[in-house]
Amino acid sequence: MSDLDELRRKRMEELQRQAVASENQQMQQQQMQQQQMQQEMEMQKKQIMMQILTPEARSRLANIRLTKPEFVDQIELQLIQLVQSGRVQNKITEEQLKDLLKRLSGQKKEINITRK
C-alpha cells in the first residue's frame, strides 16, 4: 500500500503544478490583453488630438505633459468629451487651449508674506 500512496502523492503534486502553471498562463494572457487595450486607447486618443488641436496647441500640451502628465490626461479627456458632445466645431487653437488651461487649473491661492 505504500507504493500506491506514493503514486497518489506524486500524481497530486503533478496536478497541483499543472493547475498553478495554467493559472499563471491565464494571468499573463489577461495582462497582455489589458496592455494591448491600453495601447489601442492611447493610439485613438492621439489620433483624436491630431484632429482637434492645431500643431501649436499640441506642442503646448506636450510641453505641459513633461511636468504634469496627469493634468494633461485630464485635459485630453475633457477635450474629447467636448468634441463628442458637439460643442467644438473647429480645431482648438493655442489661445483657446490657454483659456481652457486657466479655467481647469483652478484659482491658485496667492501667498503674501509681510515682514514687520
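Biologist: Which residues is Leu53 in contact with, leaving aside its neighbours within four places in sequence?

Modeller: Contact means heavy atoms within 4.5 Å. By that rule, and leaving aside neighbours within four places in sequence, Leu53 is in contact with Arg58, Leu61, Leu79, Lys91 and Ile92. Two notes on the source: this is a predicted model, where local features need pLDDT of at least 70, side-chain atom pairs count only at pLDDT 80 or more, and totals for chains, interfaces and linings use all residues. Residues are numbered from 1 along each chain as its sequence is written, and side-chain values use heavy atoms, with hydrogens and water left out.

Biologist: Which residues touch the most other members of the largest nonpolar core?

Modeller: General idea: in soluble globular proteins, nonpolar side chains tend to be buried together. Buried means under 20% relative accessible area, exposed means over 50%, and partly exposed lies in between (1.4 Å probe, protein chains only). A nonpolar core is a set of buried Ala, Val, Leu, Ile, Met, Phe, Trp, Tyr and Cys residues joined through side-chain atoms within 4.5 Å. Here the largest such core has 15 residues. Met49, Leu53, Leu61, Ile75, Leu79, Leu97 and Leu101 touch the most other members.

Biologist: Which elements give two or more residues to this core?

Modeller: Helices (H or I, at least four residues) and strands (E, at least two) are DSSP runs, numbered from the N terminus. The elements giving two or more residues to this core are α1 (2-52), α2, α3 and α4. The largest share, 5 residues, comes from α3.

Biologist: How many residues does α2 have, and how far does α2 reach?

Modeller: The expected span of a helix is 1.5 Å times one less than its number of residues. Helix α2 (residues 55-67) has 13 residues. From first C-alpha to last, α2 reaches 19 Å, close to the 18 Å expected.

Biologist: Which residues of α2 are buried?

Modeller: An α-helix has 3.6 residues a turn, so residues three or four places apart point the same way. In α2, the buried residues are Ala57, Leu61 and Ile64. They cover an arc of only 65° around the axis, which puts them on the same side of α2. The arc is that of the directions from the helix axis to the C-beta atoms. The buried residues of α2 pack against α3 (69-84) and α4 (94-105).

Biologist: At what angle do α2 and α4 pack?

Modeller: Axes are lines fitted to C-alpha atoms, for helices over the stretch in contact, and angles run from 0 to 180 degrees between N-to-C directions. For α2 and α4 the angle is about 40°, with the axes 8 Å apart. From α2, Glu56, Ala57, Arg60, Leu61 and Ile64 make the contact; from α4, Glu94, Leu97, Lys98 and Leu101 do. For classes, Ala, Val, Leu, Ile, Met, Phe, Trp, Tyr, Cys and Pro count as nonpolar, Asp, Glu, Lys and Arg as charged, and the others, Gly among them, as polar. The contact of α2 with α4 has 5 nonpolar, no polar and 4 charged residues.

Biologist: Which residues of α4 are buried?

Modeller: Leu97, Leu100 and Leu101. They cover an arc of only 105° around the axis, which puts them on the same side of α4. The face turned away from that buried side carries the exposed residues Lys102 and Arg103. The buried residues of α4 pack against α2 and α3. Just after α4, Gly106 takes a positive phi of about 80°.

Biologist: Which residues of α3 are buried?

Modeller: Phe71, Val72, Ile75, Glu76, Leu79 and Ile80. The buried residues of α3 pack against α1, α2 and α4. Gly86 follows α3, with a positive phi near 85°.

Biologist: Is Glu76 buried or exposed?

Modeller: Glu76 is buried, with a relative accessible area of 7%. Leaving aside neighbours within four places in sequence, Glu76 is in contact with Lys45, Met49, Leu61 and Arg65.

Biologist: Where does Thr54 lie?

Modeller: Thr54 lies in the loop between α1 and α2. Thr54 is buried, with a relative accessible area of 14%. Leaving aside neighbours within four places in sequence, Thr54 is in contact with Lys91, Ile92, Thr93 and Glu94.

Biologist: How far apart in space are Ser105 and Phe71?

Modeller: They are 34 residues apart in sequence and 8.5 Å apart in space, C-alpha to C-alpha. Now take Met27 and Ile48: 21 residues apart in sequence, 32 Å apart in space, C-alpha to C-alpha.
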